[in-house]
Amino acid sequence: MYDSIIPTTDTIPVHWLWFQVLLIFTFFIHMILMNFLLGGSLLTVWDLLTGKLEKRASGSIPTLVALTVNFGVPPLLFVQVLYGHLFYSSSVMLAVPWLLIVPILILAYYGAYIFVKQADRAPLLSKGGLIFTTLSLLYIAFIFVNNNTLAIQPDRWGIYFKNPGGWNLNLGEPTLWPRYLHFLLAALAIGALGRAIVYRFSKMDKKEKESQIKRNLKIFGWITIIQFGVGSWFWLTMPDTVWKTFMGGSFFATAMMVTGWLLALLILHSSFTGRLTTAMILGGLEVLVMVIVRELARGAYLKELFRPSQLENVGELSPLIAFLLVFVVGLLAIYYMIRLIFKSKDSPS
Amino acid sequence: MNYPVWYLPQLGGGLLIAIIAVLHVVIAHLAVGGGLFLVLTERRAVLTKNSALLEYVRKHTWFFLLLTMVFGGVSGVGIWFIIALVNPAATSSLIHIFVFGWAIEWVFFIGEIVALLIYHYRFGKMDHKSHMALGWLYFIFAWLSLFTINGILGFMLTPGKWIETGNFWHGFLNPSFLPSLIFRTCIALIFAGVFGLVTGAWLKERENRRTVFRLCARWMYIPLLILVFTGIYYTRVISTESFENLFHYNRESTPFITLIIVSSILLFGLGLFTLVKTSQTVQKIGALMLVLICFGWMAGFEYMREIARKPFVLYGHMYSTGITPAQMESVNSEGFLAQAKWTEVKEVTEDNMEEAGAEIFRLQCMACHTIDGYNGVLNKSGQLTERGLEALLTGMGKVNSYMPPFAGTGLEKRAVAAYIFKELQGKSIPSAVGYVAESLPLEIPAFDPDTSLYVLLAWNDLGMHSISDNEKYFSFLPPANTLNAQLFKRGALPEVVTSGIVMEYTVEEEFQHPEYHSMFWQYDEAIFGADLPEGTGLMGKGVNGTMEPHGSVFAAHKIPVVPYMDNKTYNPYPVFTITAKDESTGELLAVTKAVAPTSTEMGCRNCHEGGWAWNDVSGMADLTAINILKAHDRFNGTTLLADAENGEPKLCQSCHADPAVMAPGKPDVLNFSTAIHGFHANYLEGMDQEACNMCHPSHPDGKTNCFRGRHSQVGVGCTECHGTLEDHALGLLANQSDKMASARLARGLEPVFAASKEEIKPRMPWLMEPDCRSCHTNYNIFEDGFDGTAFNRWVPGFEALYRNRTDNHGVMCSACHGSTHAVYGAYNNYGLQRDNQQPLQYQGLAGTIGTHGQCMVCHTVEMTSNGHHRNMVNRDPLPVLVE
């Protein structure tokens with residue numbers, strides 16, 4: 001019904017696949033970092049409430065905020081290149097909660113620093129900072145889920161005409177809650193895996209280290225089990241045309257979904273048997289597969305309305321080359337800076 | 001048009017962008033300059049072995065990280081969010097054109113973050129050389145980040161060759177790239193100094209504070225000189241139109257220019273306190289005040305950039321409405337609503353005007369305007385009527401190119417005007433009450449062709465004189481009517497009598513006291529510099545008096561007659577009785593009557609609100625005059641309203657030259673007729689003589705209907721002689737092309753009666769008017785060469801005007817044919833024959849004197865040859881139109 005209001009698109013400088021690959025790659029990194037941050041924060045709050053707060057795993061939260069935000073930029077950029085006309089429209093519909101993300105994120109960022117820096121001087125304030133940060137991250141995730149579901153369903157855009165003031169959450173969307181829960185559980189699972197990795201490289205008592213790694217890998221495993229149920233719930237709340245894409249509708253999509261299940265089964269084995277390195281690789285692969293599945297699901301939703309291949313390519317390669325060069329130089333510079341940490345003497349001379 | 005609009009009727013998206021942008025941009029500049037500040041100060045501390053200074057750098061780094069990385073970083077994303085919400089079309093363009101520019105900037109951003117985090121967390125835990133290397137890397141990444149963003153920001157204001165080529169590098173390395181980069185780098189260094197004071201002021205040791213303050217002062221003042229010169233360079237690379245919008249024609253920019261000047265003075269004036277010994281409390285307060293001033297300064301700068309970019313959001317590529325210039329033609333022809341995506345109203349009908357207007361306003365205007373909040377349309381439109389609002393929409397993007405042109409059909413324009421006027425302002429148009437002029441009785445003097453020795457012909461020079469009629473606020477047309485008369489001694493070869501007679505005039509009884517009805521004598525000294533006796537006009541004439549000889553004509557200039565009768569009747573056609581007497585004996589030689597048409601039916605109120613001043617019939621109301629002065633003051637930076645309210649109203653021609661009132665004006669200002677027609681033509685385009693009728697008292701259904709001569713009865717309208725308002729204005733503007741405003745007024749006008757602007761001949765108002773012989777070639781009615789218009793065929797000068805021309809015998813054209821705009825056979829609403837009294841007096845029919853072979857009016861023998869001009873005799877007489 002609302003197909004006719006879908007905005008017209010702008011041109012792109014190079015073939016759309018460049019942006020699709022860049023989107024998947026950068027979103028994958030952002031997802032890993034975001035899961036470490038959100039899952040890690042949730043687990044830290046749990047530790048806090050159960051009196052088991054352990055600073056080694058939680059001290060990196062402010063840095064994780066910085067890196068998550070930073071790595072959130074490129075996927076947000078590339079998704080706007082491919083799907084901007086849909087994304088801007090849905091953003092306007094929920095403009096108020098969407099824009100509130102900015103001040104809330106700033107406060108969450110400060111909250112994370114308060115949590116870390118005030119832990120000894122003002123423990124109550126510190127705990128408050130962490131709880132605020134975690135709740136803020138939950139809010140941000142919820143609004144992103146709202147926006148992303150609205151962006152791929154122009155048939156729901158009629159809500160704009162009833163309320164053009166930017167207060168439309170996509171609460172009537174059947175996939176909203178299972179989707180949100182699915183992502184939260186994923187964050188918890190990968191967050192637990194992240195904590196296990198932190199403990200792996202921490203200088204601490206070997207026994208305690210192993211115990212913490214085991215504990216967190218078990219969390220990873222148990223949440224993966226729950227994900228089977230929640231993921232299936234999420235899957236089946238999708239429109240027929242979408243979920244059937246992953247049930248033979250499309251060979252590639254089906255293969256990806258099956259790969260995801262298989263990886264999940266392997267994750268269960270590695271996490272319950274305490275194999276961190278294997279779990280780490282499998283967890284990373286699972287996130288990558290799920291990112292691809294997510295892209296395929298978006299494509300299935302929009303199948304009749306829009307495909308990125310429809311975008312007009314004006315064929316301007318030089319900016320892409322410039323970016324790739326700068327990217328390589330940037331990576332080298334970061335490598336150099338990290339090396340400086342390890343190379344330089346421990347104290348000033 | 002392409003995207004939904006976030007409906008913010010009070011707050012407005014523009015204000016949200018401004019708040020987030022100013023907060024972010026200050027911190028973003030600090031992030032660049034502050035990086036250099038950190039590493040250079042660290043270097044200084046290491047070289048001078050000043051551990052206290054090094055400790056200061058360590059603490060400042062933490063403050064700097066919290067401010068720039070946390071607030072600066074996320075608020076940068078905030079700008080992205082807010083511009084995408086308020087102007088998604090422009091954001092989408094920027095994203096798609098510069099996707100790899102943004103991607104490159106992201107690489108620099110992550111380089112910044114990694115460097116700063118390590119710099120902070122490893123402060124004091126690394127050797128100085130490695131630590132400073134990180135500091136340098138941070139600064140380099142931060143400056144490169146500025147370098148990249150600067151290219152995209154510069155593109156928004158000066159896209160340069162990109163407009164033609166669409167090439168990324170042409171857009172990125174645009175004309176303002178370099179000045180902007182240097183300018184912003186200087187700002188970054190200055191802000192580094194200012195924010196350095198903040199942490200410096202909190203240092204406990206007095207000596208440390210002094211060291212830091214002196215250091216920061218250098219950061220503030222050294223870049224200042226470069227900043228000033230680069231600022232000038234910056235203003236030179238923007239387009240002429242941007243420059244004019246910023247510094248000349250747009251009053252909206254004044255507060256921001258003031259803000260930047262005042263905050264600059266405060267910043268660098270108050271900054272001097274850093275060099276003075278003061279208490280720590282004063283230092284703390286001073287440092288925080290300087291930070292606040294930085295925000296004010298940045299607000300001024302960013303707003304000036306925004307104004308310079310108007311009416312575009314991406315200069316030359318996309319208007320601030322989100323519509324591109326390339327889309328305008330189809331939107332204007334097919335309709336905005338038909339092409340807009342996010343509306344359920346797809347067309348305007350007479351039944352949904354306000355609803356459709358609301359939709360168009362929401363989708364097209366709300367990118368910048370709110371309803372009644374920031375930049376609210378309610379505050380800005382209250383001085384205009386519904387018709388005035390329609391005119392305003394027509395003129396958008398023309399005279400003042402600050403606003404983009406309205407996109408849509410004429411009906412859609414009307415719908416927006418109706419929405420603003422009726423729904424938002426809650427006003428309504430008073431139901432039109434038909435005005436029926438009273439047919440007033442006439443007493444035509446007697447004339448006996450057998451015994452009368454003289455024929456006296458009298459006429460008004462222009463056929464209508466308008467009075468602006470609110471001298472309390474201004475005047476451009478005082479009560480000043482001119483009557484001319486010629487006395488002919490009848491005979492075989494009649495003579496024009498020019499001496500030995502006294503020519504007197506007197507007005508009807510009810511018009512004897514113009515001073516009772518006009519403010520002219522209250523403000524004559526302020527406006528005209530002459531304290532005139534009440535009832536006396538600018539040339540010393542009253543409504544009764546004598547006429548002086550001027551060659552073959554007797555004339556009384558500037559008779560102050562007004563159209564208000566003492567019995568409260570509006571009558572724009574006062575009848576004067578003119579008598580010719582023998583100078584020596586006083587014997588009455590001849591008597592006749594003529595109207596001195598004079599109207600106060602000024603159409604200003606049609607757009608500028610206010611209604612009628614005089615008995616709800618005519619005259620300019622105070623509110624109308626106030627609104628006009630407000631508009632003039634806003635456009636031109638004058639203080640006319642305040643002057644008037646202080647008892648010093650002005651004559652418009654004191655600045656605007658005008659041959660009609662012999663005013664020299666000011667050299668750089670357009671003459672009056674050019675200014676008023678040139679300006680308003682931009683707002684009343686696409687109309688035929690309806691445009692004339694909007695302002696002049698010429699509307700057929702009006703209270704004056706001044707265009708009443710024979711032409712009006714045979715389908716010849718205003719435009720057949722003068723061209724459309726656009727043509728008329730372009731001729732006048734062409735004559736004033738040496739003045740700056742001329743091009744600005746002419747650029748939005750398209751000629752109608754000429755193929756191009758260049759074809760229109762320059763014309764001096766009042767002195768060069770359409771030549772009657774353009775149509776009446778060979779003095780006939782329809783001849784070869786007649787193409788239905790006299791436009792662009794001007795008489796060469798004053799002497800050649802119809803009202804000044806004579807035949808070879810000194811007989812004035814007007815004497816026989818009647819006044820301009822009221823040539824005999826005129827049709828007067830206030831009594832059919834009111835203008836035709838002399839033809840009726842002398843020949844019993846309302847045509848040209850002598851028509852239908854009536855040469856006997858003056859000649860006592862039958863005439864068989866063309867005495868006055870060709871084609872007088874031996875032709876088919878014209879039908880008498882008014883009987």
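## Cavity count

The analysis finds 11 cavities of 30 Å³ or more in this predicted model.

## The largest cavity

The largest cavity has a volume of about 730 Å³. Its lining comprises 36 residues, and those nearest its centre are His30(A), Met31(A), Met34(A), Ile140(A) and Phe144(A). By residue class, this lining contains 29 nonpolar, 4 polar and 3 charged residues.

Both chains contribute helices to the lining of the largest cavity. At least two lining residues each come from helix H1 (16-49), helix H3 (61-93), helix H4 (95-117), helix H5 (123-151), helix H7 (176-200) and helix H11 (276-301) of chain A, and likewise from helix H2 (51-86) of chain B. H3(A) provides the largest share of this lining, with 9 residues.

## The second largest cavity

The second largest cavity holds about 210 Å³ of space. It is lined by 24 residues, of which Val5(B), Val86(B), Asn87(B), Pro88(B) and Ala367(B) are the closest to its centre. The lining of the second largest cavity divides into 14 nonpolar, 9 polar and 1 charged residues.

In chain B, H2, helix H3 (88-97) and helix H15 (353-365) each give at least two residues to this lining. The largest share, 4 residues, is supplied by H15(B).

Notes: Residues numbered from 1 in each chain as written. Chains lettered and ligands numbered in written order. Predicted model: local features only at pLDDT ≥ 70, side-chain atom pairs only at ≥ 80, totals over all residues. Heavy atoms only, no water. 1 Å grid on protein atoms, 1.4 Å probe; cavity = no way out; pocket = protein on both sides within 12 Å on 5 of 7 lines; lining within 4 Å. Points joined across faces, edges and corners; volume = space filled by probe spheres on them. Nonpolar A, V, L, I, M, F, W, Y, C, P; charged D, E, K, R; others polar.
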